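These entries record what I looked up concerning a sheet and a helix. I begin with a strand pairing.

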Amino acid sequence: MSKLVVHAKIMIDGVSDTPKKDQLISIEDGKIVSIEEYHETNEEVIHANVVTPGFFNCHVHIMEPVGFGANKEFTLMEKAFYAQNHCKEYLESGVTFIRVVGTEENYDLQIKEAIENHVIEGPHMYCAGKVICMTGGHGWQEGIEADGKDACLKAVRTQLRSGVDLIKIMATGGVMTEGVEPGNAQFTLDEMKVMIEEAHKAGRKTATHAQGLQGIKNALYAGIDSIEHGCFLDDECLERMKEQNTFLVPTLCAPQCIIDKGVENGVAKYAVDKTLKVKDAHVESVKKAYEKGIQIALGTDAGTPFNYHSNTAYEMELLARLDISNMDILKMATINSARCVGVEKDYGSIEVGKQADLVCLNENPLENISNVRKINRVIQSGKIVIDNN
């Protein structure tokens, strides 16, 4: 039996509105077995200034190298090595659970298997494999193209047969696919509905890339579980999201990183131009969603231009710029994200019976959200996987 005891001078558990002081977290065989007021014990104790649940990143593209010009192409072997490094970068940045929402040929499932078999180190993963898009739609180069209800149904069943954890659908155009517009709806309401119903029938959640208003509405009225990006949200969308408990995963990082670097650093001009069209509306939509009480989960869209897999903290910092409280941001990065993914029974908070995924920080993120970068240790399933001591 493996044991670990952590003394949290400040414990932010992911579910409470206020932190707790001087807590003793006891872990056995990867799970939290008790949380008590600090007391002397014969066990060896790890002392930490601040302890939070392990962070989530609900929107990543694990195979995509970052920081290269738009015309740089990579072999599959190169992408595999980069993906292994990305997995390590997530752990180093306190991210113990990721949701991968699009890879070519379902390679994310193979990466997940390698992690679970202890071939490589990495976070827990939920995988969408190949995205489903209309012919020539956003993401068509690496996705499954489907048109009409029958083809859409078959595409979902094909992905379910492959063993994916969720179904990712492309409801609108996007920034990174040349020749399509982010605001344009792609799948119809009926096409979306048949895909979502089939996924739900198999017990899988659904997520959709949705930037433009009509595509967002199609997804919402079809019963989608999470809206990714959500650049243009009106009151009708927000009401529907509230009613259905639909999650928003804003990915503020994606447009901001494109604008931060620009064409002069190798970002494709078409991507910069489209980003400038949506960025302001995107920020306003996130503000309105937060004010409305919409469930927001944290994701970065890592793998898009200059949007590094090591930089999940940037999304938290961008959310803080919108006057969202640091405690709410931490909940978005932990328990909200666990609920979005559908793993809240085992992950996302520091509670007895849950997996012991913890981040030990040197300084308090409630005082400054950037303190999530000041990592002392990362514990995953009761094992210290990162030790910066």
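I looked up Arg377 and found that its bridge partner in S16 is Asp387. The model is predicted, local features need pLDDT of at least 70, side-chain atom pairs count only at pLDDT 80 or more, and totals for chains, interfaces and linings use all residues. Residues are numbered from 1 along each chain as its sequence is written, and side-chain values use heavy atoms, with hydrogens and water left out.

I then followed the strands (DSSP runs of E, at least two residues, numbered from the N terminus, as are helices, which are runs of H or I of at least four residues). Strand S15 (residues 375–380) pairs with S16 in the antiparallel sense over four bridges; two strands pair if DSSP finds at least two bridges between them. I noted that both belong to an open sheet of seven strands, ordered S3-S2-S1-S4-S14-S15-S16, with mixed pairing. Its edge strands, S3 (31–37) and S16 (383–387), each pair on one side only.

Next I turned to helix H10 (residues 326–341). Its 16 residues reach 22 Å from first C-alpha to last, close to the 22 Å expected at 1.5 Å a residue; the expected span is 1.5 Å times one less than the number of residues. I found a kink of about 45° centred on Met332, the bend being the angle between axes fitted to the seven residues ending there and the seven starting there. H10 is largely enclosed by the rest of the structure, because 14 of its 16 residues are buried (under 20% relative accessible area, 1.4 Å probe, protein chains only). Just after H10, I recorded a positive phi of about 95° at Gly342.

Note on methods. Buried < 20%, exposed > 50% of the residue type's maximum accessible area, 1.4 Å probe, protein only.
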